[in-house]
Amino acid sequence: MENVDHLDTSNTTVVNNVDPVRETDGDEKVVEKNDAEYFCEICRKTFSSEEEVIRHREIHKKEKRFHCEICGKYFVDISDLTTHKILHTRDKLFRCEICGKSFSLKSFLLIHVNSHSPEKHFRCDVCEKTFTQKARLVTHQRSHTGEKPFHCETCGKSFSDNGVLKTHKRIHSGEKPYNCDICGKSFIIYSYLTRHKRVHSGEKSFHCEICGKYFVYNSDLTKHIRIHTGEKPFHCEVCGKGFVCSSDLTMHKRVHTGEKPYCCGICEKSFTQKVHLATHIRNHTGERPFTCEICGKSFFAHSSLVVHKRIHDEEKPFHCDICGKSFTSNYQLVVHKRSHTGEKPYHCDTCGKSFSVNSSLVSHQRNHTGEKPYRCEICGKSYSINKSLVAHLRSHTGEKPYHCEVCGKSFSVSYSLVIHRRCHTGEKAFHCEICGKCFINNSSLVVHIRTHTGEKPYRCETCGISFSTNSQLKKHKRIHTRTKTSDCET
């Protein structure tokens, strides 16, 4: 070993760790180990000796001249580049006999094998969690101290692990070095590519023992099981609401803060989630990349396709514990429960009217602004909501996709079919609390209630007479048009 007495230690910090490790000799006698930990002041990487950390610091002084032509990564030494290229070109010859996972380098396999070993020699003295590698212990301890020594020079964000910083920097550079050889999609980190490939292979290795459903990712299985158990371990500190996963909690917190960090470059509308922005942009482009293999219907978002497929499978996994009604999506269940609780959390700032779903509020606000962003390209008529435009287009095409299985009558919109079916069943679900009279649909109930209240919201602009329904107003207006016609003839 070379003499290190002459080496510069000005940027080397020594931290004494007394009894962080407990080793055993052959007779199982506990031996206390007193180590000195050395770490680089530049990148905070740790070493077991002063000689190693000083040799390591030379890396920071060198220029990264050796370039990987496959992924674009640079290296200080040609040997490091050679080792790195094995990841791209070499078969994974080193296979773990325990789990079957394969690696391109033997050193990677040895590190992986330690993850199966019950012996984890490196113990955290705060929470007593154990690790197979000392470096992982050092990184973990920063979760207790709050130390984040690795800083992004572009945005200033800090991280507890240098590897996470390197991955983060790719967000700024746009670098996605891991490419799918099937569809060409690129990813920031290798684990994302591995997960993505399961989409092509159809591999679903993770199985729910309760309902038998399979999942591509273990994280999805964990979240799914919480649907069965009702567990919501992540709670909002502001309102106390619980969530199945931490990412849902992070997004929920933006409801309180008002933060919408994802902005549309076309119309400048902002969103709390990146996936919502991506879906929104498709409203501008018209792109519907998610297609149902059964009926050919296309969707803006993958989640909409997943919910749609349940219609074909007749799967309704979300059940109301109050009335027993079932739904194809959890969102539908949440909205439905508000019909029991009367909750209407979305309020109009203009008139104070409240709604059970945000989309209803957005549509309602267009009554105040007069905005009608959905325009028919055939006749030029505009609508405040896209659903109305879709229904209107069927008046041009004559399409009536909703059929009554009793009498065969067809309808252009699904709600008309729902109301029509009540003619056969005799169901009158809408009940007047004043006189007890029942009605087939809610609109008839609303009109009926006006006979009790005397409300007449539809007013003639010509003579000032008011009516309880819009149809009555239209009929009345014909009196004025007939009068004008007769005057012209005279």
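## Ile-378 and its loop

Ile-378 sits in the loop that runs between strand E26 (374–375) and strand E27 (382–383). Helices (H or I, at least four residues) and strands (E, at least two) are DSSP runs, numbered from the N terminus. Ile-378 is exposed, at a relative accessible area of 58%. Exposed means over 50% relative accessible area, buried under 20%, and partly exposed in between (1.4 Å probe, protein chains only).

Ile-378 touches Leu-393 and His-396, not counting residues up to four places away in sequence. Contact here means heavy atoms within 4.5 Å. Leu-393 is 15 residues from Ile-378 along the chain, and their C-alpha atoms are 8.3 Å apart.

## Basis and overall makeup

This is a predicted model, in which local features need pLDDT of at least 70 and side-chain atom pairs count only at pLDDT 80 or more, while totals for chains, interfaces and linings use all residues. Residues are numbered from 1 along each chain as its sequence is written, and side-chain values use heavy atoms, with hydrogens and water left out.

The protein holds 16 helices and 33 strands. It has 490 residues, of which 24% count as buried. Among contacts between residues at least 6 apart in sequence, 8% join residues at least 24 apart.

## The largest nonpolar core

Five residues make up the largest nonpolar core: Tyr-38, Cys-40, Phe-47, Val-53 and Ile-54. Strand E2 (30–40) and helix H1 (50–61) each supply at least two residues of this core. A nonpolar core is a set of buried Ala, Val, Leu, Ile, Met, Phe, Trp, Tyr and Cys residues joined through side-chain atoms within 4.5 Å. In soluble globular proteins, nonpolar side chains tend to be buried together.

## Helix H7

Helix H7 (residues 218–229) has 12 residues. From its first C-alpha to its last it reaches 17 Å, close to the 16 Å expected at 1.5 Å a residue. The expected span is 1.5 Å times one less than the number of residues.

Leu-221, His-224 and Arg-226 are buried in H7. The buried residues of H7 pack against three strands: E14 (206–207), E15 (214–215) and E16 (234–235). Just after H7, Gly-230 takes a positive phi of about 75 degrees.

His-168 lies in helix H5 (residues 162–173). It is buried, with a relative accessible area of 10%. Leaving aside neighbours within four places in sequence, His-168 is in contact with Cys-152, Cys-155, Lys-157 and Phe-159. Its side chain joins that of His-172 through a polar contact of 3.2 Å. A polar contact is a pair of N or O atoms within 3.5 Å; within protein, one must be able to donate a hydrogen and the other to accept it, and residues adjacent in sequence count only if both atoms are side-chain atoms. His-168 and Ile-188 are 20 residues apart in sequence, with 8.7 Å between their C-alpha atoms.

His-280 is found in helix H9 (residues 274–285). At 10% relative accessibility, His-280 counts as buried. Its side chain makes a polar contact with the side chain of His-284, at 3.1 Å. Not counting residues up to four places away in sequence, His-280 touches Cys-264, Cys-267, Lys-269 and Phe-271.

## Rings

The structure holds one aromatic pair. Tyr-178 and Tyr-190 form it, edge-to-face, with 5.7 Å centre to centre and 70 degrees between the planes. The pair links distant parts of the chain: Tyr-178 is in strand E12 (residues 178–179), and Tyr-190 is in helix H6 (residues 190–201), 12 residues apart. Rings of Phe, Tyr and Trp (its six-membered ring) pair if their centres lie within 6.5 Å; planes under 30 degrees apart count as stacked, over 60 as edge-to-face and the rest as tilted. Tyr-178 is partly exposed, at 25% relative accessibility. Tyr-190 is also partly exposed, at 40%.

Arg-288 lies over the face of Phe-300, 4.2 Å from the ring centre. A charge sits over a ring if NZ of Lys or CZ of Arg is within 6 Å of the ring centre and within 35 degrees of the ring normal.

## Positive phi at two glutamates

Glu-128 is not a glycine, yet it has a positive phi of about 70 degrees. It is found in the loop between strand E8 (122–123) and strand E9 (130–131). Glu-128 is exposed, with a relative accessible area of 54%.

Glu-314 has a positive phi of about 55 degrees, although it is not a glycine. Its loop runs between helix H10 (302–313) and strand E22 (318–319). Glu-314 is exposed, at a relative accessible area of 71%.
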